[in-house]
Amino acid sequence: MEVLRRSSVFAAEVMEVFDRSPTDKELVSQAKALCRDYINSRLIRAGVSWSKPEYNAPVPGGKLAEVSTILLRLGDELEYIRPNVYRNIARQLNISLHSETVVTDAFLAVAAQIFTAGITWGKVVSLYAVAAGLSVDCVRHAQPAMVHTIVDCLGEFVRKTLVTWLKRRGGWADITKCVVNTDPSLRSHWLVSAVCSFGHFLKAIFFVLLPER
């Protein structure tokens with residue numbers, strides 16, 4: 001069974017980049033570390049047990065841990081607004097979880113649709129919520145190795161689509177501004193926008209993923 005490994009060397013490398021301008025590769029590594037932590041949190045919340053304790057290893061401490069905490073906090077708000085949107089994603093998309101190609105194609109199609117009209121932190125949070133929801137589905141359907149695939153897939157999407165945007169904002173730490181001196185009603189507004197965008201295109205993605213007849 002594939003393990004979501006995170007070595008101490010990798011942890012140190014991930015933390016170092018917060019003290020300087022991160023490279024594309026470093027931003028992707030951070031994105032994947034954040035994704036693992038987000039997924040682990042949602043698996044625990046869903047009551048899905050893993051066979052090895054390594055699965056529940058937290059992200060490294062320091063600034064990345066702070067980013068992860070805020071990402072999870074915003075994800076909580078997003079999922080609270082529409083509790084059913086980010087659950088049972090595989091069923092909503094009507095896809096099989098036994099094919100890596102099907103899962104990755106579905107995830108990338110959803111990711112592309114989320115950012116069709118531009119990039120915001122609300123949409124980034126939505127992307128992570130999708131990855132976590134789909135991962136919970138995979139584990140529940142006895143496909144735990146697919147979680148690693150989803151993490152890699154998110155990392156590749158970040159590399160191709162989000163890296164330039166992240167670099168302009170100084171990296172992942174910019175998300176902390178979403179909860180500093182921010183009116184909760186305003187934050188809820190952009191989270192609602194992210195949910196609405198996802199809800200509207202779920203059906204569209206379903207038809208895109210249908211096999212040709």
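**Before you start**

The model is predicted, so local features need pLDDT of at least 70 and side-chain atom pairs count only at pLDDT 80 or more, while totals for chains, interfaces and linings use all residues. Residues are numbered from 1 along each chain as its sequence is written, and side-chain values use heavy atoms, with hydrogens and water left out.

**Stop 1: the whole chain**

Show the protein chain as a cartoon. It comes to eight helices and zero strands. From the N terminus on, the order reads α-α-α-α-α-α-α-α. Helices (H or I, at least four residues) and strands (E, at least two) are DSSP runs, numbered from the N terminus.

Now colour by burial. Buried means under 20% relative accessible area, exposed over 50%, and partly exposed in between (1.4 Å probe, protein chains only). Of the 213 residues, 50% count as buried.

Switch to a surface. The accessible surface is about 10500 Å², and carbon and sulfur atoms hold 53% of that. The areas come from the Shrake-Rupley method with a 1.4 Å probe; for residues, only the protein chains shown count as cover.

Then turn to contacts, meaning heavy atoms within 4.5 Å. Among contacts with a separation of 6 or more, 80% join residues 24 or more positions apart.

**Stop 2: helix H2**

Select residues 24-45. This is H2, with 22 residues. Its first and last C-alpha atoms are 32 Å apart, close to the 32 Å expected at 1.5 Å a residue. The expected span is 1.5 Å times one less than the number of residues. Because 16 of its 22 residues are buried, H2 is largely enclosed by the rest of the structure.

Pick Ala-31, which lies in H2. Ala-31 is buried, at a relative accessible area of 0%. Leaving aside neighbours within four places in sequence, its contacts are Tyr-128, Leu-154, Val-158 and Trp-172.

Ile-44 counts as exposed, at 54% relative accessibility. Val-136 is 92 residues away from Ile-44 in sequence, and 9.5 Å away C-alpha to C-alpha. Just after H2, Gly-47 has a positive phi of about 75°.

**Stop 3: the nonpolar core**

A nonpolar core is a set of buried Ala, Val, Leu, Ile, Met, Phe, Trp, Tyr and Cys residues joined through side-chain atoms within 4.5 Å. Select Tyr-128, Leu-134, Leu-154, Val-158, Trp-172 and Ile-175. Of the 59 residues in the largest such core, these touch the most other members. H2, H3 (63-81), H4 (89-93), H5, H6 (121-140) and H7 (145-168) each supply at least two residues of this core. H6 gives the largest share, 13 residues.

Centre on Tyr-128. Not counting residues up to four places away in sequence, Tyr-128 touches Ala-31, Leu-34, Cys-35, Tyr-38, Leu-71, Leu-154 and Trp-172.

**Stop 4**

Select residues 100-114. H5 has 15 residues and reaches 21 Å from first C-alpha to last, close to the 21 Å expected at 1.5 Å a residue. Its buried residues are Val-103, Thr-104, Ala-106, Phe-107, Ala-109, Val-110, Ala-111 and Ile-114.

At 13% relative accessibility, Thr-149 counts as buried. Beyond its neighbours within four places in sequence, Thr-149 is in contact with Glu-100 and Thr-104.

**Stop 5: the largest pocket**

Select Arg-45, Ala-46, Tyr-86, Arg-87 and Val-136. Of the 14 residues lining the largest pocket, these lie nearest its centre. H2 and H6 are the elements that give two or more residues to this lining. H6 provides the largest share, six residues. The space in the pocket is about 230 Å³.

A pocket here is an open set of points on a 1 Å grid over the protein atoms alone, with a 1.4 Å probe and protein on both sides within 12 Å along at least five of seven lines; lining residues have an atom within 4 Å of a point. Points are joined across faces, edges and corners, and the volume is the space filled by probe spheres set on them.

**Stop 6: two loop residues**

Most residues other than glycine have a negative phi. Select Asn-88, in the loop between H3 and H4. Its phi is positive, near 50°. Asn-88 counts as partly exposed, at 32% relative accessibility.

Finish at Ala-142, in the loop between H6 and H7. Phi of Ala-142 is positive too, near 60°. Ala-142 is exposed, with a relative accessible area of 60%.
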